[in-house]
Each structure stands twice: as C-alpha cells, then as structure tokens.
There are 2 protein chains.
Amino acid sequence: MIHADFAVRHAGQLATMMPSAGDPLGCIRDGALAAHEGRVVWIGHDGELDAQVDLDGDQLDAAGACVIPGLVDAHTHPVFAGSRADEFAERLGGAEYQAQQSGERGIVRTVQATRQADPAALLALAEARANRFLANGTTTIEAKTGYGLDLPTEAKSFDVLRHLSARTPLRIIPTFLGAHVVPPTIDRAAYVRALMEEMLPAFKAQAVFCDAWCEKPAFTPSETRAILGRAKTLGYQLRIHAAQLAPGEGPEIAAELGARSADHLEFATPAQVKALAFAGTVAVLCPAANFTTRGPRPPIEAMRDAGLPMAIASDLNPGTSNSESLPHAMSLACVAWGMTPRESLLGATVHAARSLGLEGFAGCLQPGSFADCILLDVETPEAIPYYVGVNRVLQTVAGGVVWRPS
Amino acid sequence: MIHADFAVRHAGQLATMMPSAGDPLGCIRDGALAAHEGRVVWIGHDGELDAQVDLDGDQLDAAGACVIPGLVDAHTHPVFAGSRADEFAERLGGAEYQAQQSGERGIVRTVQATRQADPAALLALAEARANRFLANGTTTIEAKTGYGLDLPTEAKSFDVLRHLSARTPLRIIPTFLGAHVVPPTIDRAAYVRALMEEMLPAFKAQAVFCDAWCEKPAFTPSETRAILGRAKTLGYQLRIHAAQLAPGEGPEIAAELGARSADHLEFATPAQVKALAFAGTVAVLCPAANFTTRGPRPPIEAMRDAGLPMAIASDLNPGTSNSESLPHAMSLACVAWGMTPRESLLGATVHAARSLGLEGFAGCLQPGSFADCILLDVETPEAIPYYVGVNRVLQTVAGGVVWRPS
C-alpha cells in the first residue's frame with residue numbers, strides 16, 4: 001500500500017498533462033490522485049485508489065469536475081505600488097505604450113511609487129495578488145523584481161517575495177529584473193555598471209533567474225549581452241523581454257546565451273524563432289499585454305513550424321496587464337491569436353513549467369510532482385478558454401492542501 | 001431623522017451615477033448610503049449620516065473601497081442546457097458563426113439540450129449563473145427565454161426564471177424570445193403562426209419584453225415586423241437582435257416600433273443610428289459576443305454623434321459569450337472598441353437600466369432607487385476596465401442585503 005495524507009476523488013476528467021497513447025493531455029476518466037507531504041504519490045482511476053492507497057487525511061470529492069495541474073504563470077511582476085489606470089485610459093484614446101515610457105509616466109512612475117511604499121504595504125499588495133492568482137487557478141508563478149531599480153528597493157522587493165512565500169501556498173520563483181529600464185536621475189552607463197558590479201552579485205542568492213528588457217525604451221543589445229552574460233557567469237539562469245514593440249536582437253541574444261525563456265516576441269523573425277527552438281528556449285507569450293497595447297499577434301505559425309514551445313503568461317503588471325488570470329490569458333490567446341484551446345492549456349502548464357526548469361514537477365500530475373491541482377467547472381480541460389472573463393475554478397489545491405481565501 | 005435598516009459606510013468614492021456639477025458620475029468622497037426595506041433612503045457624506053439617519057440594522061464598512069450601483073446587464077440568455085465548447089474551438093480554426101447555425105449545431109443544438117433537460121437541472125444551471133452574475137457585480141439582468149421554441153419548453157423556461165427569482169436576490173426582467181430562430185422539424189410559416197397565435201398570448205403575463213432576432217439565420221424583416229407588431233399590440237415592450245452579422249432592416253424596425261432596445265448593431269448604418277436615437281431606443285452592445293465571433297466593431301462614433309445611449313451587456317449564451325461578467329465586457333468595449341472607461345461604466349449602469357425601463361431605480365443610487373450596490377477594489381470607478389479578466393468585486397449588495405455565495 002502507498003501511504004498518503006490527501007486525496008482528490010472522482011475527477012470527471014483528470015488531465016495529467018503526461019501524454020499517453022493518443023491523448024496529449026493524458027486524461028483519466030473518473031480519476032483520482034493521492035499525495036503525501038505535498039507530492040503526488042499515486043494517480044489513476046478512482047475505483048482503484050482504495051485498494052492501492054492507505055489514506056490517512058482529507059479527501060476532496062471533485063464530484064465529476066475536471067481536475068488539472070495547478071496553472072503555472074511564467075511571467076509576472078507582482079511587487080509594485082501605485083496605479084496606472086489613467087495610462088490605460090489614454091491608450092484607448094490612441095496614445096502608444098512606447099510613448100508613455102518617458103517623463104513621469106510609464107514604468108518609472110511605478111518605480112517611484114514602489115520606492116516610496118513601505119515594506120508592509122508592498123507585501124499587503126503582493127499578498128492580495130497572490131490570493132487572486134490562487135483563486136484563478138495558478139499555483140506557481142515566476143515573480144520579477146524590477147520596480148526598484150536601485151539596491152535598496154530591489155532588496156526590499158526580494159524581501160517582499162520572501163515574506164510572501166512564507167504566507168501563501170503559491171510557489172514563487174524569483175527573478176531579478178534590475179534591467180527593466182534605466183531609472184531616472186542616474187546616468188545610463190552608471191546604472192549598467194551598478195547593475196553588473198553591485199546588484200547582480202548582491203541578489204544571486206535570492207533569485208533563480210535574471211531577466212532584461214532588450215528594447216528601445218530599455219536596454220540596447222550590447223547592454224543586454226553584457227548584463228545577461230555577467231548574470232550567467234554568476235550562476236543565474238536567464239529570461240529576456242524581447243521583440244515586444246519592434247523587431248530587435250533580443251531573441252538572438254536569448255538563443256546565444258541559452259536563456260530558459262524569451263518573452264513577448266511579437267516581432268520575432270522566422271530565423272529568430274528557429275534559433276530559439278534550436279537553443280531549447282521557451283517562448284513565453286503574454287496575450288493580455290498584447291491586447292491592451294493593441295500589438296500585432298506573435299508569429300504563432302512560425303513557432304508551431306519550428307517546434308518552439310509556447311508558454312502563456314499573465315504578465316501581471318500595472319502598465320499593460322493588470323490581471324492575475326491565466327484562464328483569461330488563454331481565452332485571449334485563442335480568440336485574438338487563433339491558438340487552439342489545447343495549445344493554450346499546454347502553454348499555461350507544461351511549457352510554462354519547462355521555462356522555469358520545473359518540468360515534471362509543476363504543470364503536470366504524476367508520482368513525484370507537486371500536489372498542485374485545480375478543480376474546474378468546465379466540461380473538458382480544453383473548454384477552459386470557452387468561458388471568457390469569469391472564473392470557473394472551484395477549488396485550488398497547493399502542496400496537497402486545499403487553499404481557502406483568507 | 002430618516003429610518004433605515006441597512007447602511008454602507010466609508011466608500012472611498014461613491015458613484016451615484018446621478019450627474020452633478022462637473023461630474024457625470026456624481027461621485028461622493030467618503031460617501032455613505034442608507035436603505036430601508038430594499039430602497040435607498042439617504043445618500044451623502046459619511047460624516048453626516050449619524051446626524052440624519054436613525055439606523056437600526058447592519059452596516060457594511062467599505063473601508064475606502066469604491067462603491068457604485070449594482071451593474072445592470074441588459075442582454076442575457078441564462079436558461080439553457082448543454083455546451084458548445086467545440087463550436088467555440090472550431091471558430092478559432094476559421095469556422096464562421098453564421099455557418100454554424102445549420103444542421104445539428106448552433107442555437108438549435110442548445111434548443112435540443114434545453115428541451116431534454118429536466119426543470120430541476122435547468123434551474124440548477126440558471127442558479128449557478130445567477131451566482132456568477134452576483135459575484136461579478138451584476139444585480140439586475142434582462143433574461144431571455146428562446147432555447148425552447150415550443151410552447152412547453154418556453155413555458156418551462158419561464159418557470160425556471162420564476163423559481164430563480166424566488167431563490168436569488170438578482171433582479172430578473174423576463175423577455176420572451178420565441179423568435180430566436182426557427183426550430184427544426186417545423187415549417188417556417190407554421191412556427192411564425194404558432195408564435196403569434198399561441199405563444200405570444202400565452203406568455204404575456206410572464207414577460208415584460210418580447211425580443212426577436214432579425215437576421216439571415218433567424219427571421220426576415222417582414223416576419224420580425226409581424227411578430228413584434230403583434231407583441232406590441234398585446235402589451236409587450238420590445239427589444240430586437242439587429243444587424244449583428246450583416247447589414248439589415250432590424251434597426252429601422254426597432255425605431256419604427258419604438259423598441260426599448262436594439263441589440264448588437266455591428267452593421268447599423270449612420271441613418272439607422274440616427275433613427276434609433278430619435279425613437280428613444282437604447283443601443284445594447286455585446287462586446288464579448290463580438291470578440292468570440294471576431295465581428296467588426298459597432299459604429300461607436302456614429303452613435304456618439306447621434307447621442308444614441310450605448311448600453312454594454314454580457315450577452316451570456318452558450319454560443320458566443322459564455323460569460324456573466326460585465327466588468328469583462330467593459331474591458332473589451334474599451335480595449336477592442338475604443339470606448340472610454342466612463343462610457344463603459346455608463347453602459348453597464350444608467351443606459352442599461354434605461355433600456356429596461358428602470359431608469360432612476362437601477363444603475364444609479366438616489367433616494368428611492370433599489371439598494372443595489374457593489375464594493376470594488378479599484379482606485380476610481382473609471383478604473384474598472386483597467387483590471388482585465390479578474391474579478392475586483394469585494395461585496396455585492398442587493399435590495400439592502402449583503403449577498404453571500406451559497
């Protein structure tokens with residue numbers, strides 16, 4: 001007998017996301033899973049659980065609901081203060097996002113608000129966001145700093161993430177995004193030097209990833225190569241914001257340096273897409289940011305042709321995507337871009353996990369994986385994006401424990 | 001002193017939606033409202049409430065959150081069984097909605113499922129939808145039948161709405177939509193005759209409105225004129241599905257017959273828009289349905305120029321908009337169509353209420369209006385659409401009672 005301290009019973013369909021003969025989602029009808037100490041220890045047909053599992057703990061009756069792995073959000077900016085609702089409204093009247101990245105507006109405005117916020121207030125904001133992630137089915141996020149852009153505020157942002165991790169069952173994978181933009185009141189070269197010589201070494205122990213925005217309002221290709229090259233030498237894994245607003249070298253740099261992910265990619269060329277696929281990089285696409293900036297769709301067909309895995313992320317941030325909902329991002333990827341429901345589901349689970357180095361542990365359900373799953377009021381896992389703008393998550397389980405909103 | 005049995009205190013901003021000098025939203029800072037027996041009896045600055053109101057009952061502390069009237073959804077189809085998730089997926093691959101309205105698919109497929117569903121199951125589905133409306137901030141819906149399309153199933157649908165009204169604080173304004181499409185296995189002329197001679201008289205006591213879809217897959221202009229003309233004679237108020245998929249006479253018919261609303265209107269001409277404005281009809285726009293069918297945007301500028309009031313509705317239905325969220329529809333109206341946040345908010349409150357004949361009672365807060373309001377985690381009422389795909393409603397109050405999900 002397998003010992004377990006938690007079980008989910010009677011999943012109408014249980015999508016393991018482990019491909020089996022003829023079914024890329026690895027669905028089990030009337031499925032069940034058992035967990036012990038936060039990991040899945042058994043998965044199969046409900047009728048076989050009692051004979052194989054010695055359960056000493058709670059069981060959650062899915063009562064026929066679909067069960068899938070907890071969603072994985074591979075691109076989020078959850079540590080910030082302040083609002084940019086007025087900039088959202090200005091874009092509806094025709095203002096361009098890129099033109100908003102100057103003066104007292106755009107990212108630097110959020111930087112000012114985040115610098116001024118006291119740590120407790122910043123943590124309270126981040127915790128409310130964590131609760132919305134969980135409520136909407138996400139159990140793992142990549143979480144960027146990048147609204148500090150000086151040593152003390154980036155440190156404060158990492159503190160927020162560390163305290164948040166202790167207060168929420170949401171899994172948080174921290175990314176250092178000191179190279180978000182050049183902050184005001186510091187010379188460009190001086191900031192790049194501070195980044196490379198002070199901040200990158202200082203935050204190595206606190207971040208898994210280093211990220212940089214390689215684009216006109218932010219860093220040049222040569223700055224990006226220098227920053228991310230240094231980060232790699234220090235032992236960071238890499239992500240990159242690339243080719244979101246215009247064509248650029250970001251995707252090549254991701255491929256050259258073996259980045260885990262290249263994000264946005266609206267303007268990636270077919271050759272860049274092939275280079276990313278060859279390098280084993282994951283494309284992390286951000287449909288909600290694309291939607292509110294009214295950008296062109298990314299080259300989905302070229303990505304499919306190249307076999308480049310496409311993750312779907314919320315890109316939660318105050319400028320372009322004030323949303324913690326991956327099901328919403330999946331609906332947008334389908335309706336606005338023509339991705340299939342299956343692609344969108346793989347994008348918010350398996351491919352997102354791969355971009356975080358969590359393949360086999362998150363975004364799938366198998367013995368050994370995290371016991372993170374969600375119960376959904378949908379007829380099949382592929383029906384998730386059919387429900388637009390409403391939350392169909394019934395329950396969120398993280399680490400073998402049913403999450404209850406605080 | 002004014003006697004009250006319920007109050008909301010400390011609204012950071014309380015949008016009454018009653019225009020006052022310089023402020024079309026009639027916002028009160030640190031606002032409060034008091035209610036008695038389900039109606040607002042007092043509204044003003046929180047600091048003045050204690051001196052003016054004798055409160056014997058619960059008070060809800062908004063703690064600085066925004067408070068606005070409960071949202072009003074002027075176009076919903078909440079009584080149906082079955083799923084059309086596969087048709088949603090087919091459209092992503094290029095299938096057109098109009099081409100799906102034949103054979104065993106489209107609306108007639110939902111009609112079959114609804115005819116087969118037993119009343120208790122249909123009520124349970126409708127009640128889950130009512131809970132999602134309330135959770136997402138809607139306190140009043142127009143609710144259409146129209147998935148029965150025979151006397152017994154239309155009657156069953158009205159029964160569901162009547163039982164639903166008794167079980168939920170959601171206000172439900174029933175609309176008879178026997179003229180949704182011509183159902184299968186009955187001759188077109190015979191169906192129109194049955195509609196006019198049997199169904200319209202039979203349901204007069206149960207419906208406030210009669211609606212008809214005047215468009216190629218449904219009813220011709222002459223059929224629509226006959227059906228709605230007869231309905232008007234019988235005392236129904238009128239709504240019409242018009243010019244959604246192609247140009248057509250629907251908007252003229254709405255103006256001619258003095259319909260309360262003309263809905264969809266993607267293909268309305270400038271002359272039709274003017275005629276609707278002159279007739280006092282409200283345009284009820286359905287951005288989520290427009291989004292998933294990838295239709296053109298409605299002629300917003302012409303509507304603005306003509307002074308035609310624009311309501312924003314969810315169009316909840318299993319074919320094109322499986323969504324009970326008006327905030328989501330507001331985001332789409334802004335981002336996809338370029339409406340302003342203020343227009344979208346007026347659309348989901350004041351104009352929607354007007355289209356239902358509830359102006360002054362719903363969609364606004366003043367002495368005498370329904371005590372329906374929502375508390376929102378947003379910085380200003382106009383920031384609602386800035387939050388995309390997530391629910392920022394903190395509390396829903398309907399009839400002076402705080403709603404709790406069952």
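A polar contact here is a pair of N or O atoms within 3.5 Å; within protein, one must be able to donate a hydrogen and the other to accept it, and residues adjacent in sequence count only if both atoms are side-chain atoms. With that rule, 12 residue pairs (both at pLDDT 80 or more) are in polar contact across the interface of chain B and chain A. This is a predicted model, where local features need pLDDT of at least 70, side-chain atom pairs count only at pLDDT 80 or more, and totals for chains, interfaces and linings use all residues. As for bookkeeping, residues are numbered from 1 along each chain as its sequence is written, chains are lettered from A and ligands numbered from 1 in the order in which they are written, and side-chain values use heavy atoms, with hydrogens and water left out.

Let's stay with the two chains.

The size of an interface is often given as the accessible area lost when the parts come together. Here the buried area (accessible area, 1.4 Å probe, that two parts lose on being put together, summed over both) is about 3000 Å², with carbon and sulfur atoms giving 66%. Asn322(B), Val335(B) and Tyr386(B) supply 25% of what chain B buries against chain A, more than any other three residues.

Side chains of opposite charge can pair when their charged atoms come close. The rule used for a salt bridge is a side-chain nitrogen of Lys or Arg within 4 Å of a carboxyl oxygen of Asp or Glu, and it finds two across the interface of chain B and chain A. One pairing is Arg132(A) with Asp377(B), whose closest N and O atoms are 3.5 Å apart.

The contact between them takes 21 residues from domain 1 of chain A and 20 residues from domain 2 of chain A. About 1700 Å² is buried between these domains, and carbon and sulfur atoms give 66% of that. On the domain 1 side, Met17(A), Glu382(A) and Pro385(A) supply 29% of the area buried against domain 2, more than any other three residues.

The rule finds two salt bridges across this domain interface as well. Asp372(A) forms a salt bridge with Arg171(A), the closest N and O atoms being 2.6 Å apart. There are also seven residue pairs in polar contact between the two domains of chain A (both at pLDDT 80 or more).

Over all chains, the salt-bridge count comes to 48. Glu90(A) and Arg105(A) make a pair of this kind, at 2.5 Å from N to O. Glu90(A) sits in helix H2 (residues 85–92) of chain A and Arg105(A) in the loop between H2 and helix H3 (107–116), so the pair ties together parts that are 15 residues apart in sequence. Helices here are DSSP runs (H or I, at least four residues), numbered from the N terminus.

Notes:
Contact means heavy atoms within 4.5 Å. Helices (H or I, at least four residues) and strands (E, at least two) are DSSP runs, numbered from the N terminus.
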